Amino acid sequence: MRRKQYCSAKAMQFGLSLNASIIRRSYDMCRTSIEVPAEKPFHPLLYLVAQFRRPSRRLMLIHSAKTGEDVFIDYREVAGMLYELENYGALVRQDVIQPAIDLAAGEVLVTPYFNSAIADSHDVMAAYPDLGALYLDDIGLPPDIETVLANPDLAKSLQIIADGGKDAFYTGEMAQAFVDAVNNAGGIMTIEDLANYEVEIRTPVMGEYRGYKVISSPGGTHLIQILNILENFDIGAIKVNSAEYLHLFSESFKIAFADRSAYMADSDFTSDVPLEGLTSKEYRKMLFEKINLNECLCAPGIRPDAFRF
């Protein structure tokens, strides 16, 4: 029962994001790594509701055990999820979306997690009555835990997507409703903005840590960089949360974040980012040599030149 309630809450959050995405501010990017099994059907529903928690840019890494392909998908909302299903899935849209339709059309129990999610978005819901009417109670507060909610409009919207695919969301009646809502709220959007949207397919960055392959979005470059540094130390021999342990991790993070400030940028706008250098083992050696387990590294002396590698 607890698992069912959690899944119900996540499905309703999926609806919350669809309703709120046209008016809410952007949040930090989400990153998810999914391995597509070689033989078992890939069921994106498990990730569909989770990916819609925040109505902003989504980043997903997919590894196909069948082909060995690693792909990094940069997307927003429906287009990316349907791209993943159509290119890496084994099921049809209706089968994937139907459980979410059933949950939205039925009565969903408000769990503590779901109550907290609504409370986090309370100010936005209160500012936009049409949204608040779906998720707030009669006096404008988040619904009590163990009450029930239903969202038949969400169920209808999901069915339209199941029937018509990407075009049903980015063109036609649903897209026009988004445009009208944004403009009526003082924003600026045209039907062409939605119709012209395309999913971006990018090359992930890769590294290796103690024999394990590490795959990440370009934003995870510094994770690989940190692992490269830590690989030089016998981490297992250091007591967790000891002074030595905390010092080593803080120095490694310090170096990586200095490089993040100096080098990292959005690849949509510049190609002048030394991804290969930042993740290279040769560069790692120079960074490792800067760490002194008995002294803190001063910021001005942290960074060598990553463009050399």
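Which side chain meets glutamate 289 in a salt bridge? The partner is lysine 285, at 2.5 Å from N to O. Here a salt bridge is a side-chain nitrogen of Lys or Arg within 4 Å of a carboxyl oxygen of Asp or Glu.

## About the model

This is a predicted model, in which local features need pLDDT of at least 70 and side-chain atom pairs count only at pLDDT 80 or more, while totals for chains, interfaces and linings use all residues. Residues are numbered from 1 along each chain as its sequence is written, and side-chain values use heavy atoms, with hydrogens and water left out.

## Salt bridges

Let us stay with charged pairs for a moment. Side chains of opposite charge can pair when their charged atoms come close. A search of the whole structure finds six salt bridges. One of them joins arginine 202 to aspartate 74, with the closest N and O atoms 3.1 Å apart. Arginine 202 sits in strand β6 (residues 200–202) and aspartate 74 in strand β3 (residues 70–75), so this pair ties together parts that are 128 residues apart in sequence. Helices (H or I, at least four residues) and strands (E, at least two) are DSSP runs, numbered from the N terminus. Both arginine 202 and aspartate 74 are buried, where buried means under 20% relative accessible area, exposed over 50%, and partly exposed in between (1.4 Å probe, protein chains only).

Another salt bridge links glutamate 231 with lysine 281, the closest N and O atoms being 2.8 Å apart. Glutamate 231 is in the loop between α12 (221–230) and α13 (243–263), and lysine 281 is in helix α15 (residues 281–288), so the pair ties together parts that are 50 residues apart in sequence. Lysine 281 counts as partly exposed because its relative accessibility is 30%. As for the opening pair, glutamate 289 counts as exposed at 52% relative accessibility, and lysine 285 as partly exposed at 49%. Salt bridges that share partners also join Glu231, Lys281 and Arg284 into one network.

## Nonpolar cores

A nonpolar core is a set of buried Ala, Val, Leu, Ile, Met, Phe, Trp, Tyr and Cys residues joined through side-chain atoms within 4.5 Å. The largest one has 28 residues, and those with the most contacts inside it are Ile73, Tyr75, Ile161, Phe169 and Tyr170. At least two residues of this core come from each of β2 (58–64), β3, α3 (77–88), α4, α8 (152–164), α9 (166–170) and α10 (172–184). A second, separate core of 20 residues includes Val214, Ile238, Leu278 and Leu297.

Among the buried residues are Val78, Met81, Leu82, Leu85 and Tyr88, along with Glu77 and Glu84. From its first C-alpha to its last, α3 reaches 17 Å, close to the 16 Å expected at 1.5 Å a residue; the expected span is 1.5 Å times one less than the number of residues.

Helix α4 (residues 93–105) has 13 residues and spans 18 Å between its first and last C-alpha, close to the 18 Å expected. It bends by about 30° at proline 99, the bend being the angle between axes fitted to the seven residues ending there and the seven starting there. Buried positions in α4 are Val96, Ile97, Ala100, Ile101 and Ala104.

Strands β2 and β3 pair in the antiparallel sense over six bridges; two strands pair if DSSP finds at least two bridges between them. In β3, tyrosine 75 is the bridge partner of arginine 58. Five residues lie between the strands of this hairpin, where glycine 68 takes a positive phi near 80°. Six of the seven residues of β2 are buried, leaving the strand mostly covered.

β7 and β8 also pair in the antiparallel sense, over five bridges, with tyrosine 209 opposite tyrosine 212 in β8. Two residues separate these strands, and arginine 210 in the turn has a positive phi of about 50°. In a regular strand the side chains alternate between the two faces of the sheet. Strand β7 (residues 205–209) has a covered face, Val205, Gly207 and Tyr209, and an uncovered one, Met206 and Glu208.

## Around proline 218

Proline 218 is found in the loop between β8 (212–216) and α12, and is buried with a relative accessible area of 16%. Leaving aside neighbours within four places in sequence, proline 218 is in contact (heavy atoms within 4.5 Å) with Phe72, Thr203, Val205 and Met264.
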